[in-house]
Amino acid sequence: MEKINIKETDTTPIVVLDKENGIFKFEGKTLPENVSVFYQPIIDWFTEYIKDPNPETVIDLKLEYINTASSKALFSLFLKLEEIAKKGLDIKIKWYYADDDEDMKDVGEEYEDVIKIPFEHIEFEAED
Amino acid sequence: MSNNFIDFVFKFFTNLRDNNISLVYDGEINHNVIRAFTDLTNNELELKEEPNHIKKKVFNVMVESLQNISKHAECIDYDNQKYGRGILLISESDTSYNVTTGNVIKSDSIKRISENIDIINSKNKEELRELFKTRLSTGRLSEKGGAGLGFIDIAKKSGNKLEYHFEKISEAYYFFILNSQIAKKSNYGKN
C-alpha cells in the first residue's frame, strides 16, 4: 500500500501511515481550515487498509490541540478502525497527553468511552 | 483630521486601556484571521508567564468562538461573502481572561442558540462530558463543517458558564454577543 506522509503545519498534524513498517502516527495540532479536505484522504486510506490489515495495528496519537470539527473527523476515523477489531485482529490506540494538559487527557477518556477499541493512555512530560 | 475624529480616536484608545482590552477586531473571520489572533494572544500570555494549560484554554475558546462566526454569522451589508463577519475583543480582569465575540444572526436563530447555551450552562463538568460524548457519537458534521460541539467545548475548557446577549438590529436580524471567561493562573480552580 502507498504510504501517507503529511508534514506538520501550524493547523494540521504530522500524519504517517505506513502499513509495511506498521507505523500509524498523528502528531501536532489539528484545526484545519477544511476538515473534510484534510481527513477524507486519511479515512480513504484506512478504508483500503481495512481490506487487508496487519495482524497488529497500533495508532499513535500525540495531539496538542483538537478543534471540535476535527474531533468529529477523528471519531469517524475511529469508527472505521472498529471494523478491524470486529475482524478479531489486534488494534490499539495510544493516546499521548502532556502532564500539564488535563483537557487532553479528558478527551482521550471521552473517546475511549464511545469507541470500541482498546486505548492506552500515556502521559509525557511537557516541554517548557 | 477633524477635531471630532481626533477626539473619537483618543477616546477609543483610552477606553481600550481603561478596560484592559488587548485586541479589538471587526471584519471577516477567516482561517488566517483566526491564526493571526490566536498567535498574537498566545504571545501576550507568554509574556505574562501564564502556564501552558491556561494558554491552551484561551486558544481553544478563541478558535471555537471564531469558527462559529466564520461558519454561521449572517452578513447584512456584504453580499456573496464566503466567511462570516463579526467582532472580537480580548480583555482581562484581575481574575480572568475574557474572549468576547459579536455577530449578526437571523431573528429565528435566537431560540435555537439560547436553548442550546441554556442547556450547556445548566450542566456540571461531568454532565458536560456526557453531553459532549453523546453529540460526538450521534451528531453529524453539518454542511458548513459545524459539529454542534463548539459551545460545549467552550464551556468545558473555560470551566465557566457562557454569558450571552441578543441586541435587536431590526425585525429580521439581531446582534449576538458571547462572552467566555478563562480563570487566570492565580485563580484557577477557585470558580
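Reader: How many salt bridges does the rule find across the interface of chain A and chain B?

Author: The general idea is a pairing of opposite side-chain groups, namely a nitrogen of Lys or Arg within 4 Å of a carboxyl oxygen of Asp or Glu. Across the interface of chain A and chain B, nine such salt bridges are found. In one salt bridge, A:Asp101 pairs with B:Lys56, and their closest N and O atoms are 2.7 Å apart. The model is predicted: local features need pLDDT of at least 70 and side-chain atom pairs pLDDT 80 or more, totals for chains, interfaces and linings use all residues, and side-chain values use heavy atoms, without hydrogens and water. Residues are numbered from 1 along each chain as its sequence is written, while chains are lettered from A and ligands numbered from 1 in the order of writing.

Reader: How many residue pairs are in polar contact across the interface of chain A and chain B, and which elements of chain A take part in touching chain B?

Author: A polar contact is a pair of N or O atoms within 3.5 Å; within protein, one atom must be able to donate a hydrogen and the other to accept it, and residues adjacent in sequence count only if both atoms belong to side chains. The interface of chain A and chain B has 13 such residue pairs, both residues being at pLDDT 80 or more. E4, helix H2 (68-86) and helix H3 (102-114) of chain A each give two or more residues to the side that touches chain B. H3(A) supplies the largest share of that side, eight residues. Helices (H or I, at least four residues) and strands (E, at least two) are DSSP runs, numbered from the N terminus. The side of chain A that touches chain B comprises 14 charged, seven nonpolar and four polar residues.

Reader: What area is buried between chain A and chain B?

Author: Buried area is the accessible area (1.4 Å probe) that two parts lose on being put together, summed over both. Here the value is about 2,500 Å², with 51% given by carbon and sulfur atoms. Within chain A, the residues that lose the most area to chain B are A:Thr68, A:Lys72 and A:Glu110, together 27% of what that side buries.

Reader: Which residues lie nearest the centre of the largest cavity, and what is its volume?

Author: On a 1 Å grid over the protein atoms alone, a cavity is a set of points where a 1.4 Å probe fits but cannot get out, a pocket is an open set with protein on both sides within 12 Å along at least five of seven lines, and lining residues have an atom within 4 Å of a point. The largest cavity has a volume of about 120 Å³. A:Ile66, A:Met104, A:Val107, B:Asn60 and B:Lys157 lie nearest its centre, among 14 lining residues.

Reader: How much space lies in the largest pocket?

Author: The largest pocket holds about 750 Å³ of space. Its lining has 33 residues, and A:Lys29, A:Glu64, A:Tyr65, B:Asn52 and B:Lys56 are the closest to its centre. H2(B) gives the most to this lining, six residues. The lining of the largest pocket has 15 charged, 13 nonpolar and five polar residues.

How values were computed:
Grid points are joined across faces, edges and corners, and a volume is the space filled by probe spheres set on the points. Ala, Val, Leu, Ile, Met, Phe, Trp, Tyr, Cys and Pro count as nonpolar, Asp, Glu, Lys and Arg as charged, and the others, Gly among them, as polar.
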